[in-house]
Amino acid sequence: MQRVFDRGRQLLQETRGDRRARTNEGFQRTERSLPRLTSAFDIPLAQNISSYLGPMNPLAGPVDPATESVWLFDATAYHPVHPYPHAQQPWQVDIRAAFFKKGTGRDVSKIVADIADKVGLSEGEGDAREQGERTIAERLQPFVDVVAPGRWVQVRLPDGKSVKLGPGGRSATIEQTVSTRGEHREGETVSIGAVK
């Protein structure tokens with residue numbers, strides 16, 4: 001179904017010049033030589049619909065470490081500006097995270113490695129060429145995993161407090177401001193970890 005939709009969209013968007021170039025350069029032959037993919041947005045229907053509700057999603061659930069992964073992006077903590085400067089303010093940090101289904105981008109990364117080989121980016125012969133393709137696929141794979149909307153993760157902050165991050169909305173990302181107390185020096189690096 002997704003393939004039919006994609007082909008229809010392609011036909012509507014391509015210009016006469018695009019169509020001529022695709023025909024003259026044999027794009028169809030190259031496209032037929034590529035492996036077939038499953039949909040990059042292969043999400044169950046109920047989860048797909050409820051993902052529009054963002055933080056109010058009643059079907060949201062915790063991340064399953066066996067099948068899903070969470071990317072926590074680096075963040076900088078700060079003391080917020082307060083009208084009463086004599087009062088000690090807690091540290092605040094804007095946490096950004098993304099939720100993915102593990103290993104779902106393997107097919108896409110293999111295709112990109114295959115294309116890289118076809119255009120000459122994968123150098124060498126035999127084992128060296130295969131190793132080059134494997135390296136490209138391995139490095140690209142995390143960037144093409146299917147998103148996991150409606151997921152949340154519990155993390156422990158440096159002060160020992162446990163905080164729920166999420167759930168992620170339609171794009172399976174969250175941005176959340178969290179307050180934490182504690183004595184930290186300027187420039188100090190701290191880590192947070194998931195609570196099991």
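This is a predicted model: local features need pLDDT of at least 70, side-chain atom pairs count only at pLDDT 80 or more; totals for chains, interfaces and linings use all residues.

Colleague: Is Gln89 buried or exposed?
Modeller: Gln89 has 16% relative accessibility, so it counts as buried. The cut-off for buried is under 20%.

Colleague: Which residues is Gln89 in contact with, leaving aside neighbours within four places in sequence?
Modeller: His79, Pro80, His82 and Arg181.

Colleague: Arg181 and Lys161, then. How many residues apart in sequence are they, and what is the C-alpha to C-alpha distance?
Modeller: Lys161 and Arg181 are 20 residues apart in sequence. In space, their C-alpha atoms are 9.0 Å apart.

Colleague: And where is Lys161 found?
Modeller: In the loop between β5 (151-156) and β6. Lys161 has a relative accessible area of 38%, so it is partly exposed.

Colleague: What does Lys161 touch, not counting residues up to four places away in sequence?
Modeller: Val155, Arg156 and Ser179.

Colleague: Let's step back. How many helices and strands are there in the protein?
Modeller: Six helices and eight strands. From the N terminus, the order is α-α-α-α-β-β-β-β-α-α-β-β-β-β.

Colleague: What percentage of the residues count as buried?
Modeller: 28% of the 196 residues.

Colleague: And what about contacts between residues at least 6 apart in sequence: what percentage join residues at least 24 apart?
Modeller: 65% of those contacts.

Colleague: Now aromatics. How many aromatic pairs does the count come to?
Modeller: Two. In one of them, the ring centres of Trp71 and Phe73 are 6.2 Å apart and the planes are at 70 degrees, so that pair is edge-to-face. Edge-to-face needs planes over 60 degrees apart.

Colleague: How do Trp71 and Phe100 sit, then?
Modeller: Their ring centres are 4.9 Å apart, with the planes at 50 degrees, so this pair is tilted. The pair links distant parts of the chain. Trp71 is in strand β2 (residues 68-72) and Phe100 is in strand β4, 29 residues apart.

Colleague: Which residues form the aromatic cluster?
Modeller: Trp71, Phe73 and Phe100 form one cluster.

Colleague: Is Phe100 buried or exposed?
Modeller: Phe100 is at 12% relative accessibility, so it counts as buried. Trp71 is partly exposed at 27%. Phe73 is also partly exposed, at 43%.

Colleague: What lies over the face of Trp152?
Modeller: Lys164, at 4.7 Å from the ring centre.

Colleague: Pockets next. How much space lies in the second largest pocket?
Modeller: About 620 Å³. The lining has 21 residues.

Colleague: Which residues lie nearest its centre?
Modeller: For the second largest pocket, those are Ala75, Thr76, Ala77, Val93 and Val190.

Colleague: Which strand gives the most to the lining of the second largest pocket?
Modeller: Strand β4 (residues 91-101), with three residues.

Colleague: What does that lining have by class?
Modeller: 11 nonpolar, six polar and four charged residues.

Colleague: Backbone now. Where is the cis peptide bond?
Modeller: It joins Gly166 and Pro167, with omega about 10 degrees. Most peptide bonds are trans. Pro167 lies in the loop between β6 (162-165) and β7 (173-180).

Colleague: And what is phi of Ala172?
Modeller: Phi of Ala172 is near 60 degrees, a positive value in a residue other than glycine. Most residues other than glycine have a negative phi. Ala172 is found in the loop between β6 and β7.

Colleague: Is Ala172 buried or exposed?
Modeller: Buried, because the relative accessible area of Ala172 is 0%.

Colleague: Last one. Where does Asn57 lie?
Modeller: In the loop between α4 (45-50) and β1 (61-62). Asn57 counts as buried, at 7% relative accessibility.

Colleague: Which residues does Asn57 touch, not counting those up to four places away in sequence?
Modeller: Asn57 touches Ser50, Ser51 and Gly150.

Methods
Residues are numbered from 1 along each chain as its sequence is written. Side-chain values use heavy atoms; hydrogens and water are left out. On a 1 Å grid over the protein atoms alone, a cavity is a set of points where a 1.4 Å probe fits but cannot get out, and a pocket is an open set with protein on both sides within 12 Å along at least five of seven lines; lining residues have an atom within 4 Å of a point. Grid points are joined across faces, edges and corners, and a volume is the space filled by probe spheres set on the points. Helices (H or I, at least four residues) and strands (E, at least two) are DSSP runs, numbered from the N terminus. Ala, Val, Leu, Ile, Met, Phe, Trp, Tyr, Cys and Pro count as nonpolar, Asp, Glu, Lys and Arg as charged, and the others, Gly among them, as polar. Rings of Phe, Tyr and Trp (its six-membered ring) pair if their centres lie within 6.5 Å; planes under 30 degrees apart count as stacked, over 60 as edge-to-face and the rest as tilted. Buried means under 20% relative accessible area, exposed over 50%, partly exposed in between (1.4 Å probe, protein chains only). A charge sits over a ring if NZ of Lys or CZ of Arg is within 6 Å of the ring centre and within 35 degrees of the ring normal. Contact means heavy atoms within 4.5 Å.
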